[in-house]
Amino acid sequence: MELNENIAAVVTGGASGLGEATVRALAATGARVSLFDWDAGRGAQVANEVGALYHQVDVGDPASVAEGFTAARSANGQERVLVCCAGIAPAERTVTRAGAHDPAVFERVVRVNLLGVFNCASQAAAGMAGLAPLSDDGDRGVIINTASIAAYEGQIGQTAYAASKAGVAGLTLPMARDLARHGIRVVAIAPGLFMTPMIEGMSQEIQDALVEKMEYPARPGRPREFAALALHVCANPMLNGEVIRLDGAYRMPPS
Ligand SMILES: NC(=O)c1ccc[n+]([C@@H]2O[C@H](COP(=O)([O-])OP(=O)(O)OC[C@H]3O[C@@H](n4cnc5c(N)ncnc54)[C@H](O)[C@@H]3O)[C@@H](O)[C@H]2O)c1
């Protein structure tokens, strides 16, 4: 799909980090971008800077997602591109001094990271299915979800996060198969370590330990490198039903 002013795009988690970089990269192509995020202050600021639209959405709440799409579509038209970046990563061991892992924390992580992707992707697909195809292939749209390499090698304290991201990886192929008849592709990107506020919030000691184990490049990824892959996925019709690791050969150790 060629990105230009005729294409509407929605990015969740677009106020920060990987989502913000994707909003900026999509806006630079001329695409009409809407940004969904829970953080209203930062969301509105990023949107203003690039001429995108901000909508306050909780991706874990299907009704909030529906309101966001209604507002985005009334301003920009039906989106042909959805990039899901909203996510949270609280860590907790299965057993702590206080007892068993707090089930409310586990549930919240799955609600935002996995149900959030399901809510946004399924609602976007329902809208995209009604569009006219753009090419002889029948191309109507593309959905890009953000998993994590924690889907495969979650670290100590990451049961909830790893389970949520394994869910995002796992729904990629069946959703691509479901949507093939509608000409909608579904791809997940599984980033390694990227320098975003999610990582900057960790102690320097933890950051140093993570970087020490990296292969090449021996540094965290840059958000614009994630955005570059998201744009390539939009452009390349043969990418479908796949989870793409973007990690510089990094394999996460237990801690
Ligand atoms: N940074 C990394 O190293 C890394 C690695 C692998 C995967 N990821 C994944 O990439 C995605 C983006 O991460 P990031 O590093 O840019 O994080 P980030 O914290 O910088 O950005 C996440 C954004 O999601 C928003 N958000 C959180 N909960 C939300 C909700 N319920 N509804 C709407 N918005 C919500 C936040 O307000 C924030 O703007 C996440 O899904 C994360 O799990 C990040």
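## Ground rules

Two strands count as paired if DSSP finds at least two bridges between them. Helices (H or I, at least four residues) and strands (E, at least two) are DSSP runs, numbered from the N terminus. What you're looking at is a predicted model, where local features need pLDDT of at least 70, side-chain atom pairs count only at pLDDT 80 or more, and totals for chains, interfaces and linings use all residues. Residue numbers start from 1 along each chain as its sequence is written.

## The big picture

The protein has nine helices and nine strands. Its radius of gyration (taken over C-alpha atoms) is 18 Å, close to the 18 Å from the globule rule (2.2 Å times the number of residues to the power 0.38) for 255 residues, so it is as compact as a globular protein of that length. Along the principal axes, the C-alpha atoms fill a box of roughly 55 × 40 × 35 Å.

## The sheet

Seven strands form an open sheet with parallel pairing, in the order β3-β2-β1-β4-β7-β8-β9. β3 (53-56) and β9 (243-246) sit at the edges with a single partner strand each, so one side of each has no neighbour in the sheet. From one strand to the next, the twist averages 20°.

Let's zoom in on two of the pairs. Strands β7 (residues 141-146) and β8 (residues 184-191) run parallel over six bridges, and Ile 144 has Val 187 in β8 as its bridge partner. β2 and β3 are also parallel, over four bridges, with Leu 35 partnered by Tyr 54 in β3.

Helix α3 (residues 62-76) lies across β1 (8-12), β2 (32-37) and β3, at about 160° to β3. Such angles run from 0 to 180 degrees between N-to-C directions, with axes fitted to C-alpha atoms, for helices over the stretch in contact.

## A look at Leu 193

Leu 193 sits in the loop between β8 and α7 (197-200). Is Leu 193 buried or exposed? Leu 193 is buried, because 22 other C-beta atoms lie within 10 Å, and the cut-off for buried is 20 or more (exposed is 12 or fewer, partly exposed in between, with C-beta atoms placed from the backbone).

Leaving aside neighbours within four places in sequence, Leu 193 is in contact with Ile 199, Leu 210, Pro 220, Gly 221 and Tyr 250. Contact means that the C-beta atoms, placed from the backbone, lie within 7 Å.

Methods: Two residues are in contact if their C-beta atoms, placed from the backbone, lie within 7 Å.
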